[in-house]
Amino acid sequence: MRQSRLVMVVLALAILLGAFAFVMLREDPPASSKPKLATRSPEAASSSSATLPVQTLPVQRRDLARTLTLPGNVSPWLRALCTPKCPATRNR
């Protein structure tokens with residue numbers, strides 16, 4: 001019993017190790033699926049390093065809430081019948 005359990009554990013670890021090695025050692029995807037990197041000209045690189053004016057707004061603290069109105073009916077899933085178990089309470 002213990003030996004068969006040990007064999008199963010070793011087999012499971014070998015499968016996991018094989019799957020891990022397959023994922024880590026697989027080849028790179030084809031070049032067509034890789035994103036293309038844009039190359040910049042030297043003129044564009046020097047103009048992008050110049051500072052650009054940026055407009056900023058002051059920070060405002062306010063509540064962020066939205067209400068959503070959806071059509072529909074509210075009804076219970078189950079309905080319970082309330083009947084008295086004592087005969088004295090029936091008269092009320």
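Biologist: In this predicted model, what share of the 92 residues of the protein counts as buried?

Modeller: Of those 92 residues, 0% count as buried, a label that requires under 20% relative accessible area; the protein exposes about 10900 Å², of which carbon and sulfur atoms supply 62%.

Biologist: Why is leucine 25 called exposed?

Modeller: Its relative accessibility is 72%, and the cut-off for exposed is over 50%, so leucine 25 counts as exposed. Leucine 25 lies in helix H1, residues 2-25, and is one of the residues of a nonpolar surface patch, together with Leu17, Phe20, Phe22, Val23 and Met24, whose accessible area comes to about 730 Å² together.

Biologist: What makes H1 hardly covered?

Modeller: Among its 24 residues, the count of buried ones is zero.

Methods. Residues numbered from 1 in each chain as written. Predicted model: local features only at pLDDT ≥ 70, side-chain atom pairs only at ≥ 80, totals over all residues. Heavy atoms only, no water. Buried < 20%, exposed > 50% of the residue type's maximum accessible area, 1.4 Å probe, protein only. Areas by Shrake-Rupley, 256 points an atom, 1.4 Å probe, with all protein chains shown as cover. Patch = residues over 30% accessible without salt bridge, like charges linked within 9 Å, V, L, I, M, F, W, Y side chains within 5 Å. Salt bridge = Lys/Arg side-chain N within 4 Å of Asp/Glu carboxyl O. Helix = DSSP H or I, 4+ residues; strand = E, 2+ residues; numbered from the N terminus.
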